[in-house]
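These are my notebook entries on one protein chain.

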Amino acid sequence: MDMLTSLAVLMLSGMVMTFVCKKLHLPNVTGYLVAGLIAGPSFLNIMTSEMLESMKIVTTIALAFIAFSIGGEFKISNIKKIGSSATIITMWQGLAAVILVTGALIIFGYPIPMALTLGAISAATAPAATLMVVRQYKAKGPLTNLLLPIVALDDAVGLIVFAVSFGIAKTLVSGNVDMIAIIVNPLVEIVCSLGLGAIMGWFLTQLEKMFNSNTNRLNMTITFVFLTVALSMLDFHIGQVHISFSSLLVCMMLGTVFCNICPLSHDLMEKSDKWTSPLFALFFVISGAELELSVFTDVAIVVVGIVYIIFRSLGKYFGSYASAKAVKCEPSICKYLGITLLPQAGVALGMCSIAASATEMAGQGALIRNITLFAVLIYEIFGPVMTREALKAAGDIKPMSEEVKMRRHTKLEDAKNRNN
């Protein structure tokens, strides 16, 4: 089957599964993931491993637009309302997950380097699934307003924690201490990423002024996201310091600067969101196809995976609960925020790939990768449903009123009458 046919089949299967999920009252994200899982190597193998590898560009671009959209939530007016709450909660819920996962694995007798690495990976949260649920159900309210900045900031915290913990883990295995790799490189990556994103956001705003057509402005916006992703792939050394960029942080900063200094950003962001809808759908179908059911066949992986999931979930929930209470958030935010932070995917998979490829972690690297894959599979299937229920319980997702239902029914009837 050629690539275009495969993409068409994936999109069609994703849409069919969303219809099924609607009947079962499940989020669209779950439908896309299940459709990809069925079409992928684990089941029908319509999408082979080679095809999935060639589609990495789709995943990269989709994550870039997700980060760009989330960056749009960092408007100065929103930040003033939230204050320092998002930063404090992000740090504490991430660190709580790291401490609980690392401590639990050490107590259960697993090697310290492995425990440190998996603990660091546990800090990461997937913004993609959260954003899709928020969009699908048009969630609005205090919890949503705080949630989106947190899942964006979580990336920066995760990068720092992973770099430090993984650096220590490699030191314990090899005996070689490299303070530049442990401390300097992760800080340089974050600073460079935010700097590049800010520069690109300023340039995008200036270039938007050249056009009067909204179509051309939208094209310019999309072009700049592509260009920003390309620049974020630069990778080089200055002496012993490794200069690299996080494409998620770069694109998030691009969206942040753009939405704060461009007067037309609101309309352009809305139009961009509509353009990216099929891209996000394809991204989740591909993500589902990449999930590997083979991890369930190894009892050791399942056991460690269950420990990881339990203690990460406890860390995320109680870390966010305690910190939200400390900064005097509303009771509904304290109660439900931690549940919305459970989904985990792209960033965690990137971290476990680094661990698997590290020569110092030979033997443990592959195990870390498979445990993370197991956890991601569980979180990706059940995470979106739990996020929706938490937002609904907090009152950010409103049930459809009878008036809206009647209006939709009337429009459907009018369309049928016109066709007849």
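**Entry 1: helix α1 and its cover.** I looked up what lies over the buried residues of α1, and the cover includes α2 (28-39), α3 (49-54) and α13 (265-290). I note here that the model is a predicted one.

The helix itself runs over residues 3-23, which makes 21 residues. From the first C-alpha to the last I find 31 Å, close to the 30 Å expected at 1.5 Å a residue.

Which residues of α1 are buried? I list Ser6, Leu10, Gly14, Met17, Thr18 and Cys21. Viewed down the axis of α1, these buried residues fall within an arc of 115 degrees, so they line one face of the helix. I recall the general rule that an α-helix has 3.6 residues a turn, so residues three or four places apart point the same way. On the face of α1 turned away from the buried side I find the exposed residues Leu4, Leu12, Phe19, Lys22 and Lys23.

After α1 comes histidine 25, and its phi is positive, near 60 degrees.

**Entry 2: alanine 35.** I next looked up alanine 35, which is placed in helix α2. Is alanine 35 buried or exposed? Its relative accessibility is 3%, and buried means under 20%, so alanine 35 counts as buried.

Leaving out residues up to four places away in sequence, I find that alanine 35 touches Ser13, Gly14 and Met17. Gly14 and Met17 are also among the buried residues of α1. I then compared alanine 35 with valine 285: the two are 250 residues apart in sequence, while their C-alpha atoms are 6.2 Å apart in space.

Entry 3: Helix α4 has 16 residues, which at 1.5 Å a residue should span 22 Å. I find its end C-alpha atoms 23 Å apart, which agrees. Of the 16 residues of α4, 13 are buried, so the helix is largely enclosed by the rest of the structure.

How many cavities of 30 Å³ or more does the structure hold? I find one. The largest cavity contains about 70 Å³ of space. The elements giving two or more residues to its lining are α4 (56-71), α9 (142-174) and α12 (247-261). The residues that line the largest cavity are Ala67, Ile70, Pro127, Val151, Ala152, Asp155, Leu248, Leu249 and Met252. Sorted by class, this lining has eight nonpolar residues, no polar residues and one charged residue.

Entry 4: I found threonine 205 in helix α10, which covers residues 179-208. Threonine 205 is buried, with a relative accessible area of 2%. Apart from neighbours within four places in sequence, threonine 205 is in contact with Phe258, Ile261 and Cys262.

Isoleucine 112 is placed in helix α7 (residues 112-121). I record isoleucine 112 as partly exposed, at a relative accessible area of 43%. Beyond its neighbours within four places in sequence, isoleucine 112 is in contact with Ile106 and Leu172.

**Entry 5: two lysines with positive phi.** I began from the general rule that most residues other than glycine have a negative phi. Lysine 138 is not a glycine, although its phi is positive, at about 50 degrees. Lysine 138 lies in the loop between α8 (127-136) and α9. With a relative accessible area of 62%, lysine 138 is exposed.

What is the phi of lysine 328? The value is positive, near 65 degrees. Lysine 328 is in the loop between α14 (299-326) and α15 (331-340). At 76% relative accessibility, lysine 328 counts as exposed.

**Entry 6: cysteine 329.** Cysteine 329 is also placed in the loop between α14 and α15. Here the relative accessibility is 18%, and cysteine 329 counts as buried. What does cysteine 329 touch, not counting residues up to four places away in sequence? I list Ile89, Leu146, Ala324 and Cys334. The C-alpha atoms of cysteine 329 and proline 142 are separated by 9.0 Å, while the two residues are 187 residues apart along the chain.

Key
Residues are numbered from 1 along each chain as its sequence is written. This is a predicted model: local features need pLDDT of at least 70, side-chain atom pairs count only at pLDDT 80 or more; totals for chains, interfaces and linings use all residues. Side-chain values use heavy atoms; hydrogens and water are left out. On a 1 Å grid over the protein atoms alone, a cavity is a set of points where a 1.4 Å probe fits but cannot get out, and a pocket is an open set with protein on both sides within 12 Å along at least five of seven lines; lining residues have an atom within 4 Å of a point. Grid points are joined across faces, edges and corners, and a volume is the space filled by probe spheres set on the points. Helices (H or I, at least four residues) and strands (E, at least two) are DSSP runs, numbered from the N terminus. Ala, Val, Leu, Ile, Met, Phe, Trp, Tyr, Cys and Pro count as nonpolar, Asp, Glu, Lys and Arg as charged, and the others, Gly among them, as polar. The expected span of a helix is 1.5 Å times one less than its number of residues. Buried means under 20% relative accessible area, exposed over 50%, partly exposed in between (1.4 Å probe, protein chains only). The arc is that of the directions from the helix axis to the C-beta atoms. Contact means heavy atoms within 4.5 Å.
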